[in-house]
Structures are given as structure tokens and as C-alpha cells.
Amino acid sequence: MATIRIEDEGAYFRALSKYWREVNHSEGFDIEDVSEPHGICGLFRYDCQREDTRYPNPVLVERYARLGLHRYNLSKGTNFQLHHLKKFNMSMNCLSVYYITLAACDPATTSLATFQVKVGENCYGILDLTCYIARPQGAPKESPKPINFGPTFGDGSLPYWPSDFNDILRFTVLKDSELQDNDWIRLYLELALCTNDRWISDSSLSQLQIVRVAIETIGGVVEPPNERLPAKSANVYITFKGLSYARVGEIGEHVERKIIVRRVLDELTGYLTLQGGFGYLFGEEAAVERSMTPSSFAFDDELPPITLPTRPINLHLYKWK
């Protein structure tokens with residue numbers, strides 16, 4: 001990406017306007033030939049197919065790409081899987097927007113297709129993402145959407161963790177075979193951890209074990225129960241273990257932990273939003289928060305524990321470096 005040094009103030013702002021006009025024309029994806037005026041912070045470009053390319057948060061970026069394919073599959077009834085990343089551009093802000101170009105494979109045909117995915121972060125350090133674009137490259141650009149202030153989540157908080165999942169009209173508890181056939185459930189879990197800890201590794205995520213999952217549709221009972229899995233609006237209750245560190249509850253890979261992810265696919269805009277919150281199986285009625293110090297120190301056991309209600313809240317699980 002070329003950089004233009006401009007001395008005249010008027011020329012600078014004209015060049016700045018031209019830069020963002022050209023970026024918007026490509027919707028942020030193909031900007032290799034767009035020149036950036038000196039002194040502005042435009043989109044950062046990364047070529048993922050070059051062996052010497054290093055880019056921030058590779059584990060997270062890969063999950064964002066898979067989230068885009070999940071949105072496309074959920075909308076179109078397809079089953080595209082990520083093959084590899086080609087490139088991505090991102091805004092260098094606390095809350096970034098990622099414009100990802102990737103290669104995806106349809107298992108039914110084994111042929112590769114190029115996709116474009118746009119994912120925006122709504123809050124730093126917790127799972128709160130919106131996927132705005134997910135389409136094959138070359139597909140018609142999506143028409144401008146009506147003004148949308150995001151999906152409606154009631155009071156904005158996630159629900160309490162249920163005492164049980166026996167209400168078959170409200171919940172569907174997944175069988176092992178259904179967990180294997182719906183890999184997006186593991187994606188939700190990994191996204192929840194990646195957005196809290198951007199240093200987490202693929203090897204750490206591979207140690208996670210999903211113990212049980214229940215699905216609850218939002219907005220009314222959906223029948224038959226197998227139609228609840230692809231429901232556009234749903235709460236996903238995941239119990240898992242295998243996380244060796246935590247800021248909340250008991251420490252150890254054997255500890256079962258809880259996470260709720262709320263999914264809303266807005267039918268008006270087509271935007272897919274995920275929000276996640278955490279609670280931990282530390283007795284039936286409470287979770288205990290413990291202060292976490294940098295990894296070179298131990299936990300401070302002298303600090304009194306803080307008892308929290310059973311409603312999963314957005315808790316940060318940073319593993320400090």
C-alpha cells in the first residue's frame with residue numbers, strides 16, 4: 001500500500017476523502033491499490049498466504065472467518081467449511097472491524113470457493129460480535145440496510161442459568177451425535193474464550209471438552225425440537241471443561257464451567273450477532289470470583305471471595321502475559 005506525503009492541508013483532506021471513498025467502494029476488502037495519505041491511520045492489510053506474514057490474534061481471526069461462514073450456512077442452508085485464510089484488512093481501534101477474504105470448501109463437492117466476511121467487535125474483552133457480510137466473492141453487493149440499532153435483547157442481560165433442562169417445550173438437550181453434526185457450537189465456545197483472552201492458543205482450545213448443550217429458542221416455542229438448532233434467535237447453554245486457568249471459580253481442567261451464548265440473526269438486515277456470558281459450576285447456587293495476578297505470580301488466596309448470583313455475566317478471563 002503506497003503512502004502519499006501531502007504538505008497542503010486542503011490537498012490532504014481531499015486525498016483523505018478519496019482514500020475512504022475508494023475503501024468504501026470495495027467495502028473494505030480489496031484495497032491493495034488504494035493509496036493512503038501520510039499521517040492517517042487507515043485499514044491495516046495482511047496477506048495470510050505469505051509464509052513470512054505475521055498478524056495479530058491469528059486464532060481469533062480464524063474464528064471470525066468461521067463465524068462468517070456460519071452466518072452464510074445458517075441463512076442459505078449450506079455447509080461451507082473454512083479451508084484457509086487468504087487476506088484480511090482491519091481497523092486499528094480498540095474495537096476493530098475485520099474484512100476477511102477466505103477460501104471455503106463444500107464437503108459435498110470438495111471444490112473451493114472464495115468468500116468475503118465482515119465482522120465487527122461491539123465490546124472489548126467479551127463475546128459481543130456482529131457479522132455484517134458473508135458472501136461468495138463476486139456475488140452482488142448487498143444493498144444498503146435500514147438503520148438498525150442492533151437486535152433486541154430485552155434488558156440487555158443474558159438469562160439465568162436454569163436449575164434444570166426438563167422443560168421439553170422450552171429446551172432441547174443435544175445428543176452426542178448432534179454435537180458432532182453442529183460444529184458451530186464449539187465455535188461459539190471458542191469465540192467466547194478467544195474474545196476474552198486474545199493470547200489463547202489453538203492447543204489450549206483443543207483441550208476443551210463439551211459436556212452438555214441445551215438450546216432455547218427466543219420468541220416462542222419451536223416444533224419439532226430439531227428445528228431449534230438452526231433457529232435464527234436462540235440461547236445456547238454450554239457446559240464444558242478443559243480450561244486450565246480462570247478468574248472465576250475453582251482452577252483446573254477438571255472443573256466444569258458454564259457459558260451462555262445468545263444468537264440473533266436479524267431478518268431485516270441479515271446481520272448475525274453473538275453475545276456471551278460466563279457462569280461457573282461452583283456449587284449449585286453461586287460462583288466465586290478470585291483476583292488474578294500476572295502469570296509470574298500465584299493467585300492471592302488471602303483476598304476474600306466475592307459471591308456472585310447464578311446469572312451468567314460478562315466476566316473477563318484474561319490470562320496475563
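**Entry 1**

I began with S91, which counts as buried at 12% relative accessibility; buried means under 20% relative accessible area, exposed over 50%, and partly exposed in between (1.4 Å probe, protein chains only). A reminder to myself: this is a predicted model, where local features need pLDDT of at least 70, side-chain atom pairs count only at pLDDT 80 or more, and totals for chains, interfaces and linings use all residues. Residues are numbered from 1 along each chain as its sequence is written, and side-chain values use heavy atoms, with hydrogens and water left out.

I found S91 in strand β4 (residues 81–91); helices (H or I, at least four residues) and strands (E, at least two) are DSSP runs, numbered from the N terminus. The S91 side chain reaches the backbone nitrogen of V97 at 2.9 Å. Setting aside neighbours within four places in sequence, I see S91 in contact (heavy atoms within 4.5 Å) with L43, S96 and V97.

I then moved to N89, which is also found in strand β4. N89 is buried, with a relative accessible area of 2%. Which backbone oxygens does the side chain of N89 reach? I noted the oxygen of G28 at 2.8 Å and that of F29, also at 2.8 Å. Beyond neighbours within four places in sequence, the contacts of N89 include L43, R45, V97 and Y99.

**Entry 2: R63 and its partners**

My search of the whole structure gave 13 salt bridges, each a side-chain nitrogen of Lys or Arg within 4 Å of a carboxyl oxygen of Asp or Glu. I followed R63, which counts as buried at 4% relative accessibility. R63 meets E62 in a salt bridge at 4.0 Å, N to O, and E62 counts as partly exposed at 27%.

R63 also pairs with E190 at 3.0 Å, N to O. That pair links distant parts of the chain, with E190 in helix α4 (residues 184–196) and R63 in helix α2 (residues 58–76), 127 residues apart. Both E190 and R63 are buried.

D202 forms a salt bridge with R63 too, the closest N and O atoms being 2.8 Å apart. D202 lies in helix α5 (residues 202–206) and R63 in helix α2, so this pair ties together parts that are 139 residues apart in sequence. D202 is partly exposed, at 40% relative accessible area.

**Entry 3: the nonpolar cores**

Which residues touch the most other members of the largest nonpolar core? I got I100 and L102, in a core of 54 residues; such a core is a set of buried Ala, Val, Leu, Ile, Met, Phe, Trp, Tyr and Cys residues joined through side-chain atoms within 4.5 Å. Apart from it lies another core, of 11 residues, among them I31, I40, Y99 and I133.

**Entry 4: the chain as a whole**

I counted 5 helices and 14 strands in the chain. Of its 321 residues, 45% count as buried. Among contacts between residues at least 6 apart in sequence, 61% join residues at least 24 apart.

Technical notes:
Polar contact = N/O pair within 3.5 Å; in protein donor to acceptor, adjacent residues only side chain to side chain.
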